[in-house]
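Open the model in your viewer and keep the selection tool at hand. The stops below say what to select next and what is there.

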Amino acid sequence: MTNLEMMPPLAGWDGPDCITEGVYRYSKCISWIRLYMDVVDGEFYGGTCGACTNFEVGRKSDRWMRFETDLATTTAGELVMRLRRYSTWEVVYERISEGMPIDEKIETLEDLAAYLERCFQ
């Protein structure tokens with residue numbers, strides 16, 4: 001599922017948008033919190049930005065895990081930012097935990113979208 005034409009739109013979500021070669025993103029805002037799901041080479045993961053505690057959900061050793069994230073900074077304490085499509089700066093988040101297994105059956109993007117949405121309802 002790496003071709004944009006093969007990726008279906010998801011109800012209530014923006015995207016999929018190609019954010020860089022081979023990487024597609026779905027996003028949704030709930031209040032000030034941004035939910036996102038990225039698809040890279042047929043694999044997908046998702047997370048949050050702007051929540052009290054941000055996290056990323058991804059597969060590790062064939063198990064879905066929830067990792068705490070925080071703003072990435074340089075050794076000098078400056079924020080790390082990524083330029084997207086030569087026009088948009090995006091703040092970078094990094095994992096700050098080893099992850100915690102989650103008991104969710106996540107097999108599709110729709111399953112991941114539902115899990116992320118339930119975390120903030």
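Select K105 and E107. Their side chains form a salt bridge, with N and O 3.9 Å apart. K105 is exposed, at a relative accessible area of 64%, and E107 is exposed as well, at 55%. Keep in mind throughout that this is a predicted model.

Side chains of opposite charge can pair when their charged atoms come close.

Next, select E117 and K28. These two make a salt bridge in which the closest N and O atoms are 2.8 Å apart. The pair ties together distant parts of the chain: E117 belongs to helix 1 (residues 109–118), K28 belongs to strand 2 (residues 23–30), and 89 residues separate them. Is E117 buried or exposed? E117 has a relative accessibility of 15%, so it counts as buried, the cut-off for buried being under 20%.

Move on to R63 and D103. Their side chains meet in a salt bridge with an N to O distance of 3.2 Å. This pair also links distant parts of the chain, with R63 in strand 6 and D103 in the loop between strand 10 (100–101) and helix 1, 40 residues apart. R63 is partly exposed, at 39% relative accessibility. D103 is exposed, at 72%.

Stay with strand 6 and select W64. The strand covers residues 63–71, and W64 is part of it. W64 has a relative accessibility of 5% and therefore counts as buried. What does W64 touch, apart from its neighbours within four places in sequence? Show F44, V57, G58, R59, M100, P101, I102 and I106: W64 is in contact with each of these. For I106, look at the backbone: its oxygen lies 2.9 Å from a polar atom of the W64 side chain.

From W64, draw a distance to E90, C-alpha to C-alpha. The two are 26 Å apart in space and 26 residues apart in sequence. E90 is also a member of a network of salt bridges that links R25, D38, R82 and E90. Select those four together to display the network.

Within that group, pick out D38. D38 sits in strand 3, which runs over residues 33–40. Is D38 buried or exposed? With 2% relative accessibility, D38 counts as buried. Its side chain is joined to that of R25 by a polar contact of 2.6 Å. Now show what surrounds D38, leaving out neighbours within four places in sequence: the contacts are I19, Y24, R25, E43, F44 and Y45.

For the last stop, switch to a surface view and colour L71, L79, M81, L83, Y86 and W89. Together they make a nonpolar surface patch of about 690 Å². M81 is partly exposed, because its relative accessible area is 40% and partly exposed covers values between the buried limit of 20% and the exposed limit of 50%.

Methods. Residues numbered from 1 in each chain as written. Predicted model: local features only at pLDDT ≥ 70, side-chain atom pairs only at ≥ 80, totals over all residues. Heavy atoms only, no water. Patch = residues over 30% accessible without salt bridge, like charges linked within 9 Å, V, L, I, M, F, W, Y side chains within 5 Å. Areas by Shrake-Rupley, 256 points an atom, 1.4 Å probe, with all protein chains shown as cover. Buried < 20%, exposed > 50% of the residue type's maximum accessible area, 1.4 Å probe, protein only. Helix = DSSP H or I, 4+ residues; strand = E, 2+ residues; numbered from the N terminus. Contact = heavy atoms within 4.5 Å. Polar contact = N/O pair within 3.5 Å; in protein donor to acceptor, adjacent residues only side chain to side chain.
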